[in-house]
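This report describes strand pairing, salt bridges and nonpolar cores in one protein model. The sequence and structure are shown first.

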Amino acid sequence: MPVRTSPPMSDRDVAGDLRIGLHRVGHVMGLCINVTASGTRSWVFRYTPPQAQIRLNGATSGRKKPRAMGLGRFPDVNLAMASRRAEIARRQLAKGIDPLTVSKQTPDNLILTGATSVTLGTVIESYLTTKVEVPGYYRSEAHQRNWRRTLEIYVIPHFGHLPIIDIDTGTVLAILHQRTTGRDGTSGSFWFLKPNTASRVRGRLEAILDWATFHDLRPNSNNPARWSGHLQTALVSPERLQQVQHLAALPYVDLPEFMAKLLNLQSNRARMLEYSILAACRANEVRYATWHEIDFQKRVWAVPSVRMKTGRAHNVPLTDRMIEILQSLPRETNNQHIFVGASKLGALPEKAMRNVIRDLGYDVTQHGFRSTFRDWAAETGADWVVAEYALAHSVGNATMRAYQRSDLLEERRKLMADWAEYCLSKFP
């Protein structure tokens, strides 16, 4: 089919009165718009496959016929998007790569396949694969698993086959209102039964759709999963739906008796639970603690930002008992973790501390001991700000935090020493 030549086109020209056939666009060599008898317009990239051999007399040996690669339909794919796809194909040709033979799902190659043929599930997989390589994007391995798990449960099975370019507000609402089952066995809307998880899924969809737009897999328009000024007008806010359910905590008056029983247990998981209570820290902060984070000379445990909920590094003052625990633990070759399990493959499992609490006959959670600490601090008249810093909570607004450069380590050191003394007050 002959290709009609013309000056460089604009989107208006492409949408205008064009004859049936293939028209060069003029922005990137080989980029054309194909007009059918029905009026449909599609982008085509025409090129000669690489590695054609040139004879001395000017003829070619083994020359392959020119190929045509579809880049999507107009106007779903506009001129700027089509030009970028053609440029990517050109770069691959320069490297000796035939664009039509590329199968790896990198962002550039997803672009080349054309948005109309790329599904939401494919984009999700490419997004997750890309973000794994970004240091600190996920707070922990558990955070990374949770990202994937929520998408595999609530998005991919019923919506993953949809073209990424067709994802609109109706699709997002269908995901958030899909039928699901609550913990008590009741069936209903995902958004109403599991507002916390549904809100996370919405936020993750928003990030994925923004990523797709950045990579020209979607038109540059408003994100249908955005909350502010959009979904907030159609959905009840998750804060109003969530029933405040505090994790089961032990009354602070009962803590010394609990600690006396805990100290009689001889196991790594028991010592990890004791250490976490004395540090008033979260489970993953202590589970993945490594020896290089411990400074015995300065008596500080430096928890890196990647394991902190706030995303900021946190220095924990080490009390005498915490140092005693650390010095009593065996160190394993090729294992950097402080608290190691029987498998000797890394950190203790997530359920380790929960099992210790259950074995002692208590119906509380490891995280609940942070509430126990907070109640004790309030009842004993501890400084509120110092106690909040001990729990690694954000105190005040952004401006206040900008001026409050100190982490109050020395003030917290005295507070945690008093806490340790109270915790161990009934140990014989």
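R321 is buried, with a relative accessible area of 15%, where buried means under 20% relative accessible area, exposed over 50% and partly exposed in between (1.4 Å probe, protein chains only). R321 and E324 form a salt bridge whose closest N and O atoms are 2.8 Å apart; a salt bridge is a side-chain nitrogen of Lys or Arg within 4 Å of a carboxyl oxygen of Asp or Glu. Because the two residues are three residues apart in helix α14 (residues 320-328), about one helical turn separates them. Helices (H or I, at least four residues) and strands (E, at least two) are DSSP runs, numbered from the N terminus. R321 and E324 also belong to a network of salt bridges that includes R271 and E274.

The model is predicted: local features need pLDDT of at least 70, side-chain atom pairs count only at pLDDT 80 or more, and totals for chains, interfaces and linings use all residues. Residues are numbered from 1 along each chain as its sequence is written, and side-chain values use heavy atoms, with hydrogens and water left out.

**Salt bridges**

The salt-bridge count comes to 16. Side chains of opposite charge can pair when their charged atoms come close. Three of these pairs are set out below.

| Pair | N to O distance | Relative accessible area |
|---|---|---|
| E125 and R148 | 3.0 Å | E125 38%, R148 29% |
| E257 and K261 | 3.8 Å | E257 39%, K261 34% |

The pair E125 and R148 forms a salt bridge at 3.0 Å. This pair links distant parts of the chain, with E125 in helix α4 (residues 120-132) and R148 in helix α5 (residues 141-154), 23 residues apart. E257 and K261, by contrast, both lie in helix α11 (residues 255-263), four residues apart, about one turn of the helix.

**Nonpolar cores**

A nonpolar core is a set of buried Ala, Val, Leu, Ile, Met, Phe, Trp, Tyr and Cys residues joined through side-chain atoms within 4.5 Å. The largest such core has 56 residues, and those with the most contacts inside it are L255, F258, Y275, I277 and W301. At least two residues of this core come from each of α11, α12 (268-279), β11, α14, α15 (352-359), α16 (368-379), α17 (384-390) and α19. Helix α12 supplies the largest share, seven residues. Beyond its neighbours within four places in sequence, L255 is in contact (heavy atoms within 4.5 Å) with L250, I277, F369, T372, W419, Y422 and C423. Of these, C423 counts as buried at 0% relative accessibility.

R412 is found in helix α19 (residues 409-423) and counts as buried at 2% relative accessibility. A polar atom of the R412 side chain lies 2.9 Å from the backbone oxygen of D407. Not counting residues up to four places away in sequence, R412 touches H314, N315, V316, P317, V386, Y389, A390 and D407.

**Strand pairing**

Two strands pair if DSSP finds at least two bridges between them. Strands β10, β11 and β12 form an open sheet in that order, with antiparallel pairing. Its edge strands are β10 (294-295) and β12 (314-317), each pairing on one side only. Four bridges join β11 (residues 300-303) to β12, and V300 stands opposite P317 in β12.

Elsewhere, β4 (residues 41-47) is largely enclosed by the rest of the structure, because five of its seven residues are buried. Strand β3 (residues 31-35) runs antiparallel to β4 and is joined to β4 by five bridges; S42 in β4 is the bridge partner of N34. The two strands form a hairpin with five residues between them, and G39 in the turn has a positive phi of about 95°. Strand β7 (residues 67-74) pairs with β4 in the antiparallel sense over seven bridges, with G72 in β7 as the bridge partner of W43.

**Cysteines**

C32 is buried, with a relative accessible area of 2%. The disulfide count comes to zero, a disulfide being a pair of cysteine sulfur atoms within 2.5 Å.

Key. A polar contact is a pair of N or O atoms within 3.5 Å; within protein, one must be able to donate a hydrogen and the other to accept it, and residues adjacent in sequence count only if both atoms are side-chain atoms.
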